[in-house]
Amino acid sequence: MRTVTESYNIYSFSELSLEAKEKVREWYLKGQEPFVFTSMCLERLSELFPKSDLKIQYSLSYCQGDGFNIYGTIHLDELFEKIQDHFSEKEIRFFKWALNEFYDSCKMQVNNHYCYCICNRNDFIEDLVYDMECNYIRNIPEKTLEKFNEAAGEYLINLCNYFEEQGYDYFYEVSEEILEEYCESNEYEFLGNGELFVA
């Protein structure tokens, strides 16, 4: 029997050539798991809207129909907190009263065809108005309520755009500094061509 021992030159990430670093970058991005990104988004949504039951759908493949959408049940008082700077003091008092007395949530639509944002297609105050009408409330301020719809749709579109941008960064971009820190913290070493060295 004969034993052959091979020797390798082993490098840290910072010692690699630019070409080898690019290979490490491809390896890193290929390992970015969708469930991790999904968990990050849902955690952030639960921080923003702790009483609501929100879900997400997204497709980030640089294809037509790609995008990010939020759907599920949202509490209107939580949403109003995010957009109340669009309203006067009188309008703020009205909403605080109305959302305390009447229907206080909205079921946001899932996008059944693609994954792009359709948050602005939701009528956030439809059930609230219906509830007020059933209780014989007069002089319902329709323009103020419609302004809620517009401001809420705009806020949620911006939030979806933020998550979409974060998603493209997560799946397709990583700076050399972050990649180096990731490799060092996990004590990864590489062959000269950028392949991960496994002892």
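A salt bridge is counted where a side-chain nitrogen of Lys or Arg lies within 4 Å of a carboxyl oxygen of Asp or Glu. The structure is a predicted model, in which local features need pLDDT of at least 70 and side-chain atom pairs count only at pLDDT 80 or more, while totals for chains, interfaces and linings use all residues. Residues are numbered from 1 along each chain as its sequence is written, and side-chain values use heavy atoms, with hydrogens and water left out.

Eight salt bridges were found by this rule. K23 pairs with E195, with the closest N and O atoms 3.6 Å apart. Helices are DSSP runs (H or I, at least four residues), numbered from the N terminus. K23 counts as partly exposed because its relative accessibility is 33%; buried means under 20% relative accessible area, exposed over 50%, and partly exposed in between (1.4 Å probe, protein chains only). E195, at 37%, is also partly exposed.

A salt bridge also joins E176 and K21, whose closest N and O atoms are 2.9 Å apart. This pair links helix α7, which holds E176, with helix α1, which holds K21, across 155 residues. E176 is partly exposed at 39% relative accessibility, whereas K21 is buried at 13%.

Helix α1 covers residues 18-30. Its buried residues are A20, K21, V24, Y28 and L29. These buried residues pack against α6 (142-172) and α7 (176-185), where contact means heavy atoms within 4.5 Å.

Technical notes. Helix = DSSP H or I, 4+ residues; strand = E, 2+ residues; numbered from the N terminus. Expected span 1.5 Å × (residues − 1).
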